[in-house]
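I opened the model to look up a loop residue and then the charged pairs. My entries follow in the order I checked them.

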Amino acid sequence: MDQDPGARTRIDKWLWAARFFKTRSLATDAVEGGKVRINGLGVKPAKDVRPGDRVAFSNGPVSREVIVLGIADKRGPAPVAQQLYEETGESLAAREQVADARRLKVEPAADRHGRPTKRERRDYERWRS
């Protein structure tokens, strides 16, 4: 891990090394898909990231904004990867709010098991018309 202000590496490599994406190709796809922004600007996979940059990205339903603290070219253990960034307070609050919403959401088909019975299908048809 390099915390020198002049240190830099590609954004796709940094996202992979910081363990936000499982593979480097997934990180590259996210950058190419416009899901990653550095300091508010859309970037390409070869864009360099430096300590102090704000990186905003989404990975599935989760959106994060982090401040780069260190640079790593290689993927290491999770404790080392967590030292590469600091998540902003707004990002933490938003992630917690999304997690609460997911936890409280009721699955529409939770009470259904398998195919509907003949009786359930007839009830549904009566309700629908």
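Entry one, a loop residue. I located Thr 88 in the loop between β7 (85-87) and α4 (89-104). I took helices (H or I, at least four residues) and strands (E, at least two) as DSSP runs, numbered from the N terminus. This is a predicted model, in which local features need pLDDT of at least 70, side-chain atom pairs count only at pLDDT 80 or more, and totals for chains, interfaces and linings use all residues. Residues are numbered from 1 along each chain as its sequence is written, and side-chain values use heavy atoms, with hydrogens and water left out.

Is Thr 88 buried or exposed? I read 7% relative accessibility, so Thr 88 counts as buried. My cut-offs: buried is under 20% relative accessible area, exposed is over 50%, and partly exposed lies in between (1.4 Å probe, protein chains only). Next I listed the contacts of Thr 88, leaving aside neighbours within four places in sequence: Arg 54, Glu 65 and Ile 67. Contact here means heavy atoms within 4.5 Å.

How many salt bridges does the structure hold? I found 7. The term means a side-chain nitrogen of Lys or Arg within 4 Å of a carboxyl oxygen of Asp or Glu. Side chains of opposite charge can pair when their charged atoms come close.

Arg 95, at 26%, counts as partly exposed.

Asp 12 is buried at 1% relative accessibility. Arg 24 is partly exposed, with a relative accessible area of 31%.

What separates the two partners along the helix? They are 3 residues apart in helix α5 (residues 118-128), so about one helical turn lies between them. Asp 123 is partly exposed, with a relative accessible area of 36%. Arg 126 counts as exposed at 57% relative accessibility. I also noted a network elsewhere: salt bridges that share partners join Arg 10, Asp 12 and Arg 24.
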